[in-house]
Amino acid sequence: PRYYGYDHCRHFHWALSAYACGAEHVIERIFPREIGLSTYGYPYMVVGTNLFMAMYYKDEILLKQAVEEAIHFVNKKTTKKWEKAVIQFVLDIIHKDMDSANESLQEVCKGYLRCNDNYLRYSMEDVNVPAYGIYFLARNYLSEEEFAQIEMPEHKTISKGYVQWRLKN
């Protein structure tokens, strides 16, 4: 897509990819703390950016604002179901609601194949990088016991082998 007029939220998909492949340290480069929260761009990307920044920097003040925006986002009727599921999953892990997180992650997988926004589709093989990204965000944010309650769904866009490899490496 064209990112005219977008602020740093235009890098949100790179942040998802970074978590998916274990390079979350790049968050400091694409979302520097001093730049502050995102305020302008595609709503899904703005809300996602703000949640990721607040969680990465462990900033409770930013997190409170980001969560308020995210709750508003997921309650809007005009929000795409797939995007809503991504943001809802992040809210679920913030609120430590693992049952809802599992449901949200399943919805991310289902919705990914129906997504016709080419910039969101990462490969011809339909590897669901956003699902991996939020799953491994949860790994960084939750305790081992909490994270163990999150199950990567059985879905054709998910490789259990990759998940196991990433968990070990």
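Contact here means heavy atoms within 4.5 Å. This is a predicted model, where local features need pLDDT of at least 70, side-chain atom pairs count only at pLDDT 80 or more, and totals for chains, interfaces and linings use all residues. Residues are numbered from 1 along each chain as its sequence is written, and side-chain values use heavy atoms, with hydrogens and water left out.

**Exercise 1.** Work out whether methionine 53 is buried or exposed, and find what it touches.

*Solution.* Start with the location: methionine 53 sits in helix α3, residues 43-56 (helices are DSSP runs of H or I, at least four residues, numbered from the N terminus). Next, its relative accessibility is 0%, so methionine 53 counts as buried (buried means under 20% relative accessible area, with a 1.4 Å probe and protein chains only). Finally, leaving out residues up to four places away in sequence, methionine 53 touches His8, Phe31, Pro32, Arg33, Ile35 and Gly36.

**Exercise 2.** Check what span the 14 residues of helix α5 should have, and say how many of them are buried.

*Solution.* The expected span is 1.5 Å times one less than the number of residues. For α5 (residues 81-94) that gives 20 Å, and the end C-alpha atoms are 20 Å apart, which agrees. Now the burial: 11 of the 14 residues in α5 are buried, among them Trp82, Phe89 and Asp92. Their cover includes α3, α4 (60-75), α6 (98-114) and α7.

Methods: Helix = DSSP H or I, 4+ residues; strand = E, 2+ residues; numbered from the N terminus. Buried < 20%, exposed > 50% of the residue type's maximum accessible area, 1.4 Å probe, protein only.
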